[in-house]
Amino acid sequence: MSADDETTSKAETATTSGDEPVKEEESTATFEPVVKLEEVEVQSGEEQETPVLTMRSKLFIYGETLLDKGSGNKSSRERGI
């Protein structure tokens, strides 16, 4: 019997022999970042713009559905956004 067989059999008996499950150890590993990055303020270029028109709308699609593909039957349907 090798050392690997002994550890396997001990682990199997520890989990199957008693009513208590084997407790798993909590990991205490800590990871440090390799590179430290500073927070940068990002500007999109739209900060100084003012809206001229704001309006709510619906978008519709005119075309064939997957069921009507190739039949030439086209219809308009709402694009569920």
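Buried means under 20% relative accessible area, exposed means over 50%, and partly exposed lies in between (1.4 Å probe, protein chains only). Keep those words handy for the tour.

This is a predicted model, in which local features need pLDDT of at least 70 and side-chain atom pairs count only at pLDDT 80 or more, while totals for chains, interfaces and linings use all residues. Residues are numbered from 1 along each chain as its sequence is written, and side-chain values use heavy atoms, with hydrogens and water left out.

**Start with the whole chain.** Colour by secondary structure and you will find one helix and two strands, running α-β-β from the N terminus on. Helices (H or I, at least four residues) and strands (E, at least two) are DSSP runs, numbered from the N terminus. Of the 81 residues in the chain, buried ones make up 1%.

**Next, select E46.** This residue sits in the loop between α1 (3-16) and β1 (60-63). Is E46 buried or exposed? Its relative accessibility is 55%, so E46 counts as exposed. Patches are made of residues with over 30% relative accessible area and no salt bridge, joining like charges within 9 Å and nonpolar side chains (Val, Leu, Ile, Met, Phe, Trp, Tyr) within 5 Å.

**Move on to V35.** You are still in the loop between α1 and β1. V35 is exposed, at a relative accessible area of 56%. Select V34 and L37 as well, and the three make a nonpolar surface patch of about 390 Å². Such areas come from the Shrake-Rupley method with a 1.4 Å probe.

Side chains of opposite charge can pair when their charged atoms come close. A salt bridge is a side-chain nitrogen of Lys or Arg within 4 Å of a carboxyl oxygen of Asp or Glu. The structure holds one, between E78 and K58, with the closest N and O atoms 3.9 Å apart. Because E78 lies in strand β2 (residues 75-78) and K58 in the loop between α1 and β1, the pair ties together parts 20 residues apart in sequence. E78 is partly exposed at 46% relative accessibility, whereas K58 is exposed at 58%.

**Last stop: K74.** Look in the loop between β1 and β2. K74 is partly exposed, at 47%. Which residues does K74 touch, not counting those up to four places away in sequence? They are Y62, G63 and E64, where contact means heavy atoms within 4.5 Å. K74 and E64 are 10 residues apart in sequence and 4.6 Å apart in space, C-alpha to C-alpha.
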